[in-house]
Amino acid sequence: MRFMILVKATADSEAGVMPTEQLFAEMGAFNEELVKAGIMQSGDGLKPSSKGARVRFSGKDRKVIDGPFAETKELVAGFWIWECKSLAEAIEWVKRCPNPMPGESEIEIRPFYEAEDFGETFTPELREQEERLRRQLEAKS
């Protein structure tokens, strides 16, 4: 099962406070463990929401909203994509993670949808299209 592991933002991360050298080293060691175990597929930190934008959809209308965004607790400061056997395994790995922020912080674990989750609406033609796009993306890597 694939999971997205979301590191929640804090007031410090939204203010652009950079991690300490020690935290970089601890996270680097943790990421090495993840890679060696075959868990980590991708991961990165995100700049503060002040550097980003949102696009709000209403029917055919689109409205661009420039950051920063007010609700820090709802923002993401970084992510990993992991391949784990189960949610329980992903939880165990997150529990081993260094605290990603000074003080209190939170990491959210969300499973990706798999093709079988969509049932009949995900037709063989749509599955083939999805596989073709995945192969094209992998070829670029």
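Reply: Let us begin with packing. Contact means heavy atoms within 4.5 Å, and helices (H or I, at least four residues) and strands (E, at least two) are DSSP runs, numbered from the N terminus. Here the buried residues of helix 2 pack against strand 2 (40-45), strand 5 (76-83) and helix 3 (87-96). This is a predicted model: local features need pLDDT of at least 70, side-chain atom pairs count only at pLDDT 80 or more, and totals for chains, interfaces and linings use all residues.

Me: Which residues of helix 2 are buried?

Reply: Buried means under 20% relative accessible area, exposed over 50%, and partly exposed in between (1.4 Å probe, protein chains only). In helix 2, the residues L23, M27, F30 and L34 are buried. They cover an arc of only 60 degrees around the axis, which puts them on the same side of helix 2; the arc is that of the directions from the helix axis to the C-beta atoms. The face turned away from this buried side carries exposed residues, including E21, F24 and K36.

Me: What span does helix 2 reach from its first C-alpha to its last?

Reply: The expected span of a helix is 1.5 Å times one less than its number of residues. Helix 2 (residues 21-36) has 16 residues and reaches 23 Å, close to the 22 Å expected.

Me: In which order do the strands of the open sheet stand?

Reply: Strands of a sheet pair through backbone hydrogen bonds, either parallel or antiparallel. Two strands pair if DSSP finds at least two bridges between them. The open sheet of 4 strands has the order 2-5-1-6, with antiparallel pairing. Strand 2 and strand 6 (107-111) stand at the edges with a single partner strand each, so one side of each is left without a neighbour in the sheet. Within the sheet, strand 1 and strand 5 pair over 7 bridges in the antiparallel sense, and V7 has G78 in strand 5 as its bridge partner.

Me: Is K8 buried or exposed?

Reply: K8, in strand 1 (residues 2-8), counts as buried because its relative accessibility is 10%. A polar contact is a pair of N or O atoms within 3.5 Å; within protein, one must be able to donate a hydrogen and the other to accept it, and residues adjacent in sequence count only if both atoms are side-chain atoms. The side chains of K8 and E108 are joined by a polar contact of 3.1 Å.

Me: How many bridges pair strand 3 and strand 4?

Reply: Strand 3 and strand 4 (residues 61-66) pair in the antiparallel sense over 6 bridges. They form a hairpin with 2 residues between them. Of the 6 residues of strand 3 (residues 53-58), the number buried is 0, so strand 3 lies largely in the open.

Me: Where should I look for backbone geometry that departs from the general pattern?

Reply: Most residues other than glycine have a negative phi, and most peptide bonds are trans. The peptide bond from G67 to P68 is cis, with omega near 10 degrees. P68 is found in the loop between strand 4 and strand 5.

Definitions and conventions. Residues are numbered from 1 along each chain as its sequence is written. Side-chain values use heavy atoms; hydrogens and water are left out.
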